[in-house]
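Dear colleague,

Please find below the structure that I am handing over to you. I would be grateful if you read it alongside the notes that follow.

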Amino acid sequence: MTVGRPDEAGLIARFFRPLATAPGAALLLDDAATIPAVDGRDLVVTTDAVVAGVHFFPDDPPDAIARKALRVNLSDLAAKGAAPAGYFVTLALPSDWTTDWLEGFVDGLAADQEEFGISLLGGDTVRTPGPLWVSVTALGYAQEGHVPRRNGGAPGQRLYVTGTIGDAALGLRLRRDERLALRWDLRRAERERLLDRYLLPEPRLGLSRIVAAYATAAMDVSDGLAGDAGKLAAASRCGAVIDAARVPMSRAVARAVEHDEAALGAALTGGDDYELLLAIDPGDAPAFEFEAAATGIAVTDIGALVDGGGVEIDRHGRPLDLGRGSFTHF
């Protein structure tokens, strides 16, 4: 049963103060937090927002919304070879918010705090006349001088991705049109995988140390593999060639592509994968693959950076026409 809603101070004390477990959070009684310095490490900061109707469905479970908002930022830290140290959250609540919803939201944050060993450090709560939105700022530490930027790549380097590509994009399409499950001949477990991958990304923090050690350029794939490969290549002032046959896909995505040619384009250009895209020197590739295998996180060589510009994705020796090539917010 929903009870009376507290004011902002009561809201913070009741819902968010229990998450502020780090000493530097000061029980959320101050306007700033402190993070202890670590010798030989760079502090990495990233921020991303998620908006109802844009990045998640308004009727998604509140715990899943919270975890997605946090995890998309942890994914950015993983791409920079950083281990998470804590986070800030700004929550814009519409006028019809309830304590039941907020309890579920906080439960989601608490679950991920335990899984990833982090603490809430602060943030803000505001009212909005528009849709619900959540902004998270995450902080992490990386080995000093070993934070791979997008612009560190060079022609001849291999391009790797983690995990599988396209699950979230097809999960979103499936969420919008359940009839696609029949068109794609999906088994129940395959259908659930696609839906789950859209709802709850998996930040590849287990690879952070290895990313810092081997990647010359890195980013997470949030706006589609084709588009994000283009961003990394452009920042590195080169081009990229990707072999579509090498791009790792789950059984669910492979089955969808087998039955629907358009699903391939959606998988390669759709957003929300939150896998890592890494440029690796060829001479380092065997050691990188060996160390990555020990983490249990799959990495796949899908192509290379090349002289020139743009991104070419080949299939059966012919370039694919993927149109715009990536998700865009505007």
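This is a predicted model: local features need pLDDT of at least 70, side-chain atom pairs count only at pLDDT 80 or more; totals for chains, interfaces and linings use all residues.

The protein contains 11 helices and 11 strands. Along the principal axes, its C-alpha atoms fill a box of roughly 65 × 55 × 35 Å. A compact globule of 330 residues would have a radius of gyration near 20 Å, and the protein has 20 Å, so the two agree.

Of the 330 residues, 52% count as buried. Among the contacts with a separation of 6 or more, 88% are made by residues 24 or more positions apart.

Two residues deserve a separate note. Most residues other than glycine have a negative phi. Asp-272, although not a glycine, has a positive phi of about 75 degrees. Asp-272 is found in the loop between helix H10 (261-269) and strand S8 (275-280). Its relative accessibility is 15%, and because buried means under 20%, Asp-272 counts as buried.

Tyr-274 also lies in the loop between H10 and S8. Tyr-274 is not a glycine either, yet its phi is positive, at about 55 degrees. With a relative accessible area of 9%, Tyr-274 is buried.

Yours sincerely,
A colleague

Notes. Residues are numbered from 1 along each chain as its sequence is written. Side-chain values use heavy atoms; hydrogens and water are left out. Helices (H or I, at least four residues) and strands (E, at least two) are DSSP runs, numbered from the N terminus. The radius of gyration is taken over C-alpha atoms; the globule rule is 2.2 Å times the number of residues to the power 0.38. Buried means under 20% relative accessible area, exposed over 50%, partly exposed in between (1.4 Å probe, protein chains only). Contact means heavy atoms within 4.5 Å.
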